[in-house]
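Hi,

Here is the structure I promised to pass on.

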Amino acid sequence: MQRRTFLRHSLAGCAGLGLLAAPHLLAGTTHHAPRVKRIIQLFMNGGASQCDLFDYKPLLTKRHGQAFNPGEGFRVEAATSAPGKVLAPPFPMRQRGASGRWVSDLLPHTTRHVDEFAFLMAMKSRTNVHGPASYLMNTGFVLPGFPCMGAWVSYALGRLADNLPTFVVLPDPRGLPYNATGNFGAGFLPVQHQGTIIEQNRIPFLERPSDSPPDAERHGLALLGELDRSFAARDAEDSRLSARVEAYALAARMQLAAPEALDLSRETSRTQAMYGIGDKATDDFGRRCLTARRLIERGVRFVQVWSGAGGPSNNWDNHNSMVKELPPMCAATDRPTAALFADLKQRGLLDDTLLIWSTEFGRMPFAQGGEGRDHNGGTFVGWMAGAGIKGGVAHGESDEWSWKASKDVCTTYDFHATVLHLLGLDHEKLSVRHDGADRRLTDVHGHVIEAILR
Amino acid sequence: VVDYASFDPKSVTRRGVYRFLFRTLPDPWMAALDCPAGDQFAPLRGNAVTVQQALALWNSQLVRGAAREWAVALERLPEAERASIAVRSVWGREPTASERAKLNTHAARHGWAEVARVLFNSSEFLFIE
C-alpha cells in the first residue's frame, strides 16, 4: 500500500467506519494463516508470585531465613522496601501431570490441565512499578497513550459478530486495575477498538433510558434512519454519513443481542456449578469467566477478564503476607480458570480460541517485612493454552533463585509477537503511522516464541 | 464532570469553553465521541463514527436531559409552528413538507422530547457542510 493512501485512510477516512479493519488488511484477512480467531486473557493484577505458584526453586527452601546473596557484583534492591531474608514458598508445590510441571497446592483445579498449557517460565518486564508494567504488558509501552493488544486485534481483524463489540473487558468489581481504563484504551487507533467495559453485566449507554417507552425507541430510530439516509444521499462521497446510519443500526442490534449474551441464567446449573458460581469465593470470577465464554461463542474477538483491583489489597500484589494474601486470590480464580479451560475444550472452542493467563510482573525470592514479597520485574510466569499451542511445554528458566530470567527469556514484546503470530498477524507489519512514527504493539522488538507453538 | 449518569442538565445552563480535564482519566462521554485521551499528543484526529457514539448520543441522560428541556420550550409555541422552529434551530433551514409531517407524527405519538432526541442525533445536526 502506498504511503499516501495509507495516511489518508488512517488519518481521515477509515477511522470512521466501525466496520472496517486495518487499512492495509482487508477485513478478516491476515498476513499468514491464523491458528487463533479469538482470545480470552485472564489478567492477574498486581504481580502474581511466580516463585509461590509455578517457578519452584529448592534453594529458597534451603536458604529460608538467610540473607539473600546472589553473589558478587549483583546489586540487590526492591521496588518499595529494603530486601529481606530469603523466603521459602509458604505452601507446598508439587510436580503435576505427565509433564511434571511444578504447581502450588493453592491451585488444585488448574493443576489438572497443566499438560495442555504452555508455560512461559522466564518472562521479563522492563520495570517493577505497577503502572508502567501494566501498560507494558497491555500496550507494549511503559508510557500511557498506546493502544492495548485487544485494540490492535480489533483494529487488525475487525469483528466476527455484527451485534456485539469486538473487544470486551470484564474488570474486577472491586475496582479497576492500576492505570484504570488506560490498560484497555485504543490510544491513537479509532475509538471503536477500545475495550468495551462491561461492569455488573452492563455495557455503557446500552440500556434504553427508563423514561423512554420501547415503541418511542423503535419509531425514533426508524425516523432517524430515514432522515439520515436522505441526508447521506445528498453527499454520497462522504462515507461518514452512511457509516452513521450503520452505527445506529449496529447499536440497535447490540441493544437486542447483549442482554441475551450476558444472561448467565441460560446456562445449566451444572455449568454454573463447574465455574464455581454460587460459592462465595468463586462466584464473581466464575461469572466473569462464563460470561467471557458466552461472549466469544457469540463472536466477540477478545475478552479480558481481570482478577484484582488496583490499590493495596484485594489483588495479587502481596506485599504484606504471602500466607494471608495469596490464598484468597488463588481460591477465587483457580476453579473458574480450570472450568473455563475445560469448558472451552469440551465445546470445541479451543480449536480457534487462545486462553492466556498473565500478570504484569513477578515477586521477589526474598521477604518484604516478615512474609510478604516485593515487586520483581526480573522474572515472572505466564501461560497460554488452546489453538496453536503445544501442551506440556515449559519455555525458559529463571536463575536458581527465581530472581531474574536467565534462559530463553520471554520479553513482553516476544509475548505480544507470539499472540499476534497465532492470529495470523506479523507483528512487524502491523503498524500505524502516528505522530511521526510507524507504531507497533511490539515497538521495535519482539520475536515469536516458536517453542510453544504446535 | 466525569459521572454523566448523575449529571443534571438543569444545574448547568451555560456552555463550557474551558473545562477541567484529568489527563490520565479518560472521560467516558468524550471518549465515546473519540476525543483522544489527555495523556497523548494528537496533532490531527480523524473523524470517527462509532457504535459507542451512537449509543451515547441516543441513550445518555445528558442528551435526553437537553431534549426534555428543549421540548418544554417547543411545547410553549403554537402547535403549527413547532416543527418549523425546531428544524430551523437544529438544521438552519425550513423543513420540507414531508419532514414536517414525519416530525409532527412522531411528536403526536411520543411527545416533542422524543422528536428533539431524534433531531439531536441526526447527521444534518452533527455535521456542518
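Predicted model: local features only at pLDDT ≥ 70, side-chain atom pairs only at ≥ 80, totals over all residues.

Below is what came out of it, starting with the conventions.

Residues are numbered from 1 along each chain as its sequence is written, chains are lettered from A and ligands numbered from 1 in the order in which they are written, and side-chain values use heavy atoms, with hydrogens and water left out.

Overall fold: chain A has 11 helices and 17 strands (DSSP runs numbered from the N terminus: H or I of at least four residues for helices, E of at least two for strands). The C-alpha atoms fill a box of roughly 80 × 50 × 40 Å along the principal axes. Of the contacts with a separation of 6 or more, 77% join residues 24 or more positions apart (contact means heavy atoms within 4.5 Å).

Burial: 59% of the 454 residues in chain A are buried (under 20% relative accessible area, 1.4 Å probe, protein chains only). Helix H5 of chain A, residues 149–157, is largely enclosed by the rest of the structure, because nine of its nine residues are buried. Among them are A:Met149, A:Trp152 and A:Tyr155. Just after H5(A), A:Gly158 takes a positive phi of about 70 degrees.

Charges: there are 50 positive and 47 negative side chains in chain A (Lys and Arg against Asp and Glu, leaving out His and the chain ends).

Cheers

Conventions. Buried < 20%, exposed > 50% of the residue type's maximum accessible area, 1.4 Å probe, protein only. Charge placed at Lys NZ, Arg CZ, Asp CG, Glu CD.
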